[in-house]
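Hello,

Here is the structure I promised to pass on. My notes follow below it.

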Amino acid sequence: MYRQRIRQEVIYGQIREYMQVAEQVIARREALGLAPGRVWTPVVGRGNEVVWELDYADLATFERENAAFYGDAEAGKHWRALWQLAIQGSTHDELLQEAPHIA
């Protein structure tokens with residue numbers, strides 16, 4: 001399994017707007033038949049940070065779903081609106097894999 005995690009800081013005072021757009025992104029992903037993703041916020045730490053998590057069965061699924069998402073005009077419109085509410089330079093994207101069992 002692979003997990004994509006995207007962290008970003010939201011412009012102060014814009015979290016409600018960010019979450020409204022995030023709901024549109026999630027709805028569009030679901031409409032396209034893609035992993036919807038979840039949005040988390042820290043209990044402690046940066047008060048304006050959000051963390052997206054999306055799970056994929058394998059790398060092929062990750063590649064296929066990203067191609068479908070980024071190739072969709074409506075998804076792109078919502079994604080760009082979301083990024084207008086993020087602080088430039090604060091985004092960190094990572095792709096994790098389940099830890100292997102070492103023989």
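Helices (H or I, at least four residues) and strands (E, at least two) are DSSP runs, numbered from the N terminus. This is a predicted model, in which local features need pLDDT of at least 70 and side-chain atom pairs count only at pLDDT 80 or more, while totals for chains, interfaces and linings use all residues. Residues are numbered from 1 along each chain as its sequence is written, and side-chain values use heavy atoms, with hydrogens and water left out.

The cavity comes first. On a 1 Å grid over the protein atoms alone, a cavity is a set of points where a 1.4 Å probe fits but cannot get out, and lining residues have an atom within 4 Å of a point. There is one cavity of 30 Å³ or more, and the largest cavity holds about 80 Å³ of space. At least two lining residues come from each of strand 1 (2-9), helix 1, strand 3 (49-56) and helix 2. Among the lining residues are Gln4, Tyr56, Asn66 and Trp79.

Asn66 belongs to helix 2 (residues 59-70). With 15% relative accessibility, Asn66 is buried (under 20% relative accessible area, 1.4 Å probe, protein chains only). Beyond its neighbours within four places in sequence, Asn66 is in contact (heavy atoms within 4.5 Å) with Gln4 and Tyr56.

Arg28 sits in helix 1 (residues 15-31) and is also buried, at 18%.

Best wishes

Note on methods. Buried means under 20% relative accessible area, exposed over 50%, partly exposed in between (1.4 Å probe, protein chains only). On a 1 Å grid over the protein atoms alone, a cavity is a set of points where a 1.4 Å probe fits but cannot get out, and a pocket is an open set with protein on both sides within 12 Å along at least five of seven lines; lining residues have an atom within 4 Å of a point. Grid points are joined across faces, edges and corners, and a volume is the space filled by probe spheres set on the points.
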